[in-house]
Amino acid sequence: MEPQVFLEETGKAGVVNLSSLAPREVLAHAVAGDKVNLLPAGAVIRIETVAGEYVGSVEPRHALRLLKLMRGGNRYSGTVVSSTEDKLSIMIRETYQDPSQVGQISFPTRLPAAARKPELESVAEETEPAPEGEEAEVAVEENLEEETYPEEEDEEELEV
């Protein structure tokens with residue numbers, strides 16, 4: 001087995017839990033590293049073993065995005081990451097990006113609120129669009145008035 005199968009490339013691969021799982025007897029045969037097939041079926045993506053045995057379907061929140069990209073020409077591969085009696089996780093990897101899908105990320109990342117930098121958020125909140133027209137001139141003048149400059153020395157004192 002190739003170790004890179006388990007490397008999650010940002011935006012190009014993601015680990016998803018399956019829903020609507022097959023019976024436990026079927027899941028018992030799934031082992032980490034097993035290849036699986038992704039089959040679009042209406043509004044869901046069915047996951048089957050290479051032997052054609054159904055094991056589950058991709059969670060709806062991931063399926064909707066992936067289905068749109070698959071219809072646009074992208075291709076994906078799947079590998080079992082972990083399997084228990086009541087849970088099956090697979091890594092889905094983008095293997096081909098159609099030229100029409102350039103710029104579309106298969107697995108967007110979102111930082112948890114705790115990981116965001118509060119100083120960046122406060123700067124973004126403080127930043128307001130620049131006023132337009134006459135108001136812009138007034139705003140610039142007000143800003144200039146607020147700034148303080150060091151006292152200029154008398155020219156007479158500089159002459160020796």
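1. Basis. The structure is a predicted model, in which local features need pLDDT of at least 70, side-chain atom pairs count only at pLDDT 80 or more, and totals for chains, interfaces and linings use all residues. Residues are numbered from 1 along each chain as its sequence is written, and side-chain values use heavy atoms, with hydrogens and water left out.

2. Elements. The chain holds five helices and six strands; these are DSSP runs, H or I of at least four residues for helices and E of at least two for strands, numbered from the N terminus. From that terminus on, their order is β-α-β-β-β-α-β-β-α-α-α.

3. Barrel. The six strands close into a barrel in the order β1-β4-β3-β2-β5-β6, with antiparallel pairing; two strands pair if DSSP finds at least two bridges between them. From one strand to the next, the twist averages 40°. Strand β1 (residues 13-19) is joined to strand β6 (residues 88-96) by five bridges in the antiparallel sense. V15 stands opposite M91 in β6.

4. Helix across the strands. Helix α2 (residues 60-71) lies across β1, β2 (35-41), β3 (44-49), β4 (54-58), β5 (75-83) and β6, and runs at about 95° to β3. Axes are lines fitted to C-alpha atoms, for helices over the stretch in contact (heavy atoms within 4.5 Å), and angles run from 0 to 180 degrees between N-to-C directions.

5. Burial and surface. Of the 160 residues, 27% count as buried, that is, under 20% relative accessible area, whereas exposed means over 50% and partly exposed lies in between (1.4 Å probe, protein chains only). The chain exposes about 11,800 Å², of which carbon and sulfur atoms supply 52%. Among contacts between residues at least 6 apart in sequence, 64% join residues at least 24 apart.

6. Salt bridges. The whole structure contains four salt bridges, each defined by a side-chain nitrogen of Lys or Arg within 4 Å of a carboxyl oxygen of Asp or Glu. One of them joins E94 and K12 at 2.8 Å, N to O. E94 lies in strand β6 and K12 in the segment before β1, so this pair ties together parts 82 residues apart in sequence. E94 is buried at 10% relative accessibility, while K12 is partly exposed at 27%.

7. Further pairs. E85 and R24 form a salt bridge at 3.9 Å, N to O. E85 sits in the loop between β5 and β6 and R24 in helix α1 (residues 24-27), 61 residues apart; both residues are exposed. E48 and R46 also form a salt bridge, with their closest N and O atoms 2.9 Å apart. Here E48 is buried at 14% relative accessibility, and R46 is partly exposed at 31%.

Key: Accessible areas come from the Shrake-Rupley method with a 1.4 Å probe; for residues, only the protein chains shown count as cover.
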